[in-house]
Amino acid sequence: MTTDATSPADERIKSESFVTRLMKRPELGAIGGVILVTIFFLITADSAMFTLSGIVNFLTPAAQLGILGIAAAMLMIGGEFDLSIGSMVAFTGLIFGVLAVNMGLPLIVAIPVTLLAAAAMGALNGYVVIRTGLPSFIVTLAFLFILRGASLVGLKLFTGGSTQLRGVRDAVQGDFLTPFFSGDAFGGLFRWLAERGIVESFGSGAPKVPGIPVEILWFILMALVCTFVLLRTPAGNWIFATGGDDNAAANSGVPVRRVKIALFMLTACAAALVAVITVIDAGSTDARRGFMKEFEAIITAVIGGCLLTGGYGSAIGAFFGAIIFGMVTIGLTYTDFDQDWFQVFLGAMLLLAVVFNNVIRKRVTGER
Amino acid sequence: MSDPIIHMENIKKHFGNVIALNGVTFDVRPGECHCLLGDNGAGKSTFIKTMSGVHKPTAGEIFFEGKPLSFDSPRDAMEAGIATVFQDLAMIPLMSVTRNFFMGREPTRGRVIKRFDVDRANAVTMEEMRKMGINLRAPDQAVGTLSGGERQTVAIARAVYFGAKVLILDEPTSALGVRQTSNVLATIDRVRGQGVGVVFISHNVRHAMAVGDRFTVLNRGQTLGTAVKGEIDAAELQDMMAGGQELARLEGSLGGTI
């Protein structure tokens, strides 16, 4: 063994090719999936799917799911699950609806209060998981039912027996914060582009796509911020470490409990954001809001390269995972296939992703 | 000879009615490797956990750099400069060497948003590992791809880089092959050369003899005295660890192979 600082590299290690390096990125599977699904729909679907309006069409549901999926991915990297995300959307939707409609509060109050309530419930989730040491799977499964039931009871309480709370659109109309959570952004730009014939327009001259739906911007923002946090901040390192081995992480001085609680708060707040956006969009909230979203969010994260065992994954992968999801959901309507193939497709993708991730993990850790 | 960095005097530790340690005296000087030998159940683990702040002693005194001190938590001990590399190494296989190296102590850059200074972390990791004689393929190589000996070396390099004055190694060679063991022993020698006091816990007399300056044998919660290198041979140490007679009787039938 040599201590020479300029000692030659180990002769038994081949230099890694670009492809091998690429193979080690957790988001590779999701990007490959996007390419495959795109090719599939380019062949089978109506060409309208890949026009600007078609793309906005499938990105909108992708964005709503993706906001949840990215948060779920962060939590999964941190080694935990949150099965209560979907019910959290319903419950925070109820809170938001009551604040905005029943109490008539402006958005500047209603939205922060909704987010705070969500954060508190997320923290409770995390606290119970940490204190009991039980798997988060089972703890948040309990919250899945608790919050779903509470949403139903609460709705009936505040509406006098109905399971739908209406009148949100009227309540938020004219509020200066509304444009940030509903409708389309960059409307002026799109009109300008339409006038110059750069984007498609209707006969009247109005653009076919009036702007970028705000949820897509939230989705992109979330992917960028989470990727930055994961890869370029100490907190990101703590998340990977906590998910990889919380005991080892704690022994090295990582504040494991704080990391986990913060991640549970993140998933709850993501659910609240989706609730606010979709409730304003629909103008009402009901008890089925966010139904099954917890599973879709986890599938998104897994397609995005997250390992079920934690400690590995990426936010940008979940971003592409959500796009795959949106493309498949909406894309099938552009084809001759029966739309109900959707779930079959989804299950198959999930299985494929899990098998693929397993192979990748073995490559990364050098297991043979 | 220089003064000890840490001196543990007549340490006793009781767990309920179990007497785990019954008067252990031990010290470490800078730049030496002091081996703590003992069979399974002799109290080695309890003792190092007392030294690293996990347990508080029931009785006895700890002097750190000449002053009496009591550690309330492992953090206290770590901050004082006592680093422990436990057998599980506190390493995460899925994470890169750099991320493991700086886990919990990431260097940051930027004032408003504290970014993880990845470039500096990578450079430091490559450099520190090279000093220990390991050429990493790349700083983003996952720890899972390293051999057991290399992982042990990463853990040691990390502790030394973060300013360990006393480095406690809990059976660092017990799960390693011949070649990897010699690498780890060479690493211990290198660390000792930098003036760090090394506490090497083992039940393998040959590994201890290869690198130790002093040897203390622990048996049934008590120290049986400390010997300096050259004053004692492997067979004597072996006998002390096993408590004398019993092993002697066994040895007859095994032809002195232990």
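A crossing of two helices is termed right-handed if the near helix is turned clockwise from the far one by less than a right angle. In the predicted model examined here, helix 14 of chain A passes helix 15 of chain A in such a right-handed crossing. On helix 14 of chain A the contact is formed by Glu296(A), Thr300(A), Ala301(A) and Ile303(A), and on helix 15 of chain A by Ala318(A), Gly321(A), Ala322(A), Ile324(A) and Phe325(A). By class, the residues of this contact are 6 nonpolar, 2 polar and 1 charged.

Helix 14 of chain A also packs against helix 3 (residues 52-77) of chain A, the axes coming within 8 Å and crossing at roughly 65°. Helix 3 and helix 14 of chain A are therefore roughly perpendicular to each other, and their crossing is right-handed. Helix 3 of chain A contributes Leu65(A), Gly66(A), Leu68(A), Gly69(A), Ala72(A), Ala73(A) and Met76(A), whereas helix 14 of chain A contributes Lys293(A), Glu296(A), Ala297(A), Ile298(A), Thr300(A) and Ala301(A). This contact divides into 8 nonpolar, 3 polar and 2 charged residues.

An unreviewed UniProt entry places the feature "transmembrane region" at several segments of chain A, among them residues 28-48 and 301-329. Residues 28-48 of chain A are 81% helix and 0% strand, with the end C-alpha atoms 28 Å apart. For residues 301-329 of chain A, the corresponding values are 62% helix and 0% strand, and the end C-alpha atoms are separated by 17 Å.

Chain B contains an open sheet of 4 strands in the order 2-1-4-5, with antiparallel pairing. Its edges are strand 2 (18-28) and strand 5 (67-68) of chain B, each of which pairs on one side only. Strand 1 (residues 6-15) of chain B runs antiparallel to strand 2 of chain B and is joined to strand 2 by 8 bridges; Met8(B) stands opposite Phe26(B) of strand 2.

Between the chains, 26 residues of chain B are in contact with 28 residues of chain A. On the chain B side, strand 8 (115-116), helix 4 (118-131) and helix 6 (178-193) each give two or more residues. This side of chain B has 11 nonpolar, 7 polar and 8 charged residues.

Terms used:
Residues are numbered from 1 along each chain as its sequence is written. Chains are lettered from A and ligands numbered from 1 in the order in which they are written. This is a predicted model: local features need pLDDT of at least 70, side-chain atom pairs count only at pLDDT 80 or more; totals for chains, interfaces and linings use all residues. UniProt positions are given in the numbering used here, feature names are shortened, and annotations may be inferred rather than shown by experiment. Two strands pair if DSSP finds at least two bridges between them. Two residues are in contact if their C-beta atoms, placed from the backbone, lie within 7 Å. Ala, Val, Leu, Ile, Met, Phe, Trp, Tyr, Cys and Pro count as nonpolar, Asp, Glu, Lys and Arg as charged, and the others, Gly among them, as polar. Axes are lines fitted to C-alpha atoms, for helices over the stretch in contact, and angles run from 0 to 180 degrees between N-to-C directions. Angles under 35 degrees count as roughly parallel, over 145 as roughly antiparallel, 65 to 115 as roughly perpendicular and the rest as oblique.
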